Amino acid sequence: MANVRCKSPSKQAAIGILNMFDSGVVHLIDGTNIDRPSNAITLTSFIHAAFGDFKVFFEAIPDQQPHTYRIKTFYHRRLMRNLAFPITRTFYLTDDRSIDPPSPRLLAVHRAIAHILRLSGAGEYIDRLLRDMDEQGIQADGSTELDRLVRLSLGGWRDKTVY
């Protein structure tokens, strides 16, 4: 496992959460491993943002060709009418096997996090908090949760550099 002692509190928390989903998965994205092909996927900018916000996820399809996924979204169908979700896609390996496909393990962790954020309501809460930070700024009436905003900013959540 990565050396957690040298990481910021927010990174330690992220590592702890990832290990709750899949013990030891952190090594797949720790340090320079974050830039490996097994942690890369090419998506349109809209789908990339939705994937990063845990609104789009990949669900492995058992008894299919390896690396075959059903790509699903939590967005309402009316918002996605120009996109064919859900959709099934297979990642193909290069002939010389020089580029790894995206890691099934990381895609499974991403899917689990997406579902927990959705089912718990935490995703909506986080979205609302970040949206409020951008839209409202600091309120003169003292209603702004400054402590929470400072913690989020210091932890890298505001600029999405947590991990």
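Predicted model: local features only at pLDDT ≥ 70, side-chain atom pairs only at ≥ 80, totals over all residues.

A: The buried residues of helix H2 pack against strand S1 (56-60) and helix H3 (104-120).

The chain has 5 helices and 3 strands. Read from the N terminus, the order of elements is α-α-β-β-β-α-α-α. Of the 163 residues in the chain, 28% are buried. Among contacts with a separation of 6 or more, 49% join residues 24 or more positions apart. The accessible surface of the chain is about 11,200 Å², and carbon and sulfur atoms hold 54% of that area.

Now the sheet itself. It is open, it has 3 strands in the order S1-S2-S3, and the pairing is antiparallel. S1 and strand S3 (87-90) are the edge strands; each has a single partner, so one side of each lacks a neighbour in the sheet. From one strand to the next, the twist averages 35°.

Take the two pairings in turn. S1 and S2 run antiparallel and are joined by 5 bridges. Within this pairing, Val56 has Thr73 in S2 as its bridge partner. Strand S2 (residues 68-73) also pairs with S3, again in the antiparallel sense, over 4 bridges. Ile71 has Ile87 in S3 as its bridge partner. Tyr69 stands opposite Arg89 in S3. As a general point, strands of a sheet pair through backbone hydrogen bonds, either parallel or antiparallel.

H3 lies across S1 and S2, and runs at about 125° to S1. H2 spans residues 45-52, and its buried residues are Ile47, Ala50 and Phe51. Viewed down the axis of H2, these buried residues fall within an arc of 100°, so they line one face of the helix. The general rule behind such a face is simple. An α-helix has 3.6 residues a turn, so residues three or four places apart point the same way. The buried residues of H2 are the ones that pack against S1 and H3. Just after H2, Phe54 takes a positive phi of about 60°.

The aromatic side chains come next. The whole structure holds 6 aromatic pairs. One of them is Phe46 with Tyr75, a stacked pair with 6.0 Å centre to centre and 25° between the planes. Phe46 lies in helix H2 and Tyr75 in the loop between S2 and S3, so this pair ties together parts that are 29 residues apart in sequence. Phe46 has 42% relative accessibility, so it counts as partly exposed. Tyr75 is partly exposed too, with a relative accessible area of 25%.

Tyr69 and Phe91 form another aromatic pair, this one tilted, at 5.5 Å centre to centre with 55° between the planes. Tyr69 lies in strand S2 and Phe91 in the loop between S3 and H3, so the pair ties together parts that are 22 residues apart in sequence. Tyr69 counts as buried because its relative accessibility is 3%, and buried means under 20%. Tyr69 and Phe91 also belong to one aromatic cluster, with Phe51 and Phe58. Phe51 is one of the buried residues of H2. Tyr69 is also the residue that stands opposite Arg89 in S3.

Leu18 has its place in helix H1 (residues 9-21). With 14% relative accessibility, Leu18 counts as buried. Leaving out residues up to four places away in sequence, Leu18 touches Val25, Val26, Ile29, Val109 and Ile113. Leu18 and Ile113 are 95 residues apart along the chain, and their C-alpha atoms are separated by 8.9 Å.

To put the part together: the strands run in the order S1-S2-S3 with antiparallel pairing. H3 lies across S1 and S2. The buried residues of H2 pack against S1 and H3. Phe51, Phe58, Tyr69 and Phe91 make up one aromatic cluster.

Methods: Residues numbered from 1 in each chain as written. Heavy atoms only, no water. Buried < 20%, exposed > 50% of the residue type's maximum accessible area, 1.4 Å probe, protein only. Helix = DSSP H or I, 4+ residues; strand = E, 2+ residues; numbered from the N terminus. Arc of directions from axis to C-beta. Contact = heavy atoms within 4.5 Å. Pairing = 2+ DSSP bridges. Axes fitted to C-alpha atoms, helices over the stretch in contact; angles between N-to-C directions. Areas by Shrake-Rupley, 256 points an atom, 1.4 Å probe, with all protein chains shown as cover. Phe/Tyr/Trp six-rings, centres within 6.5 Å; stacked < 30°, edge-to-face > 60°.
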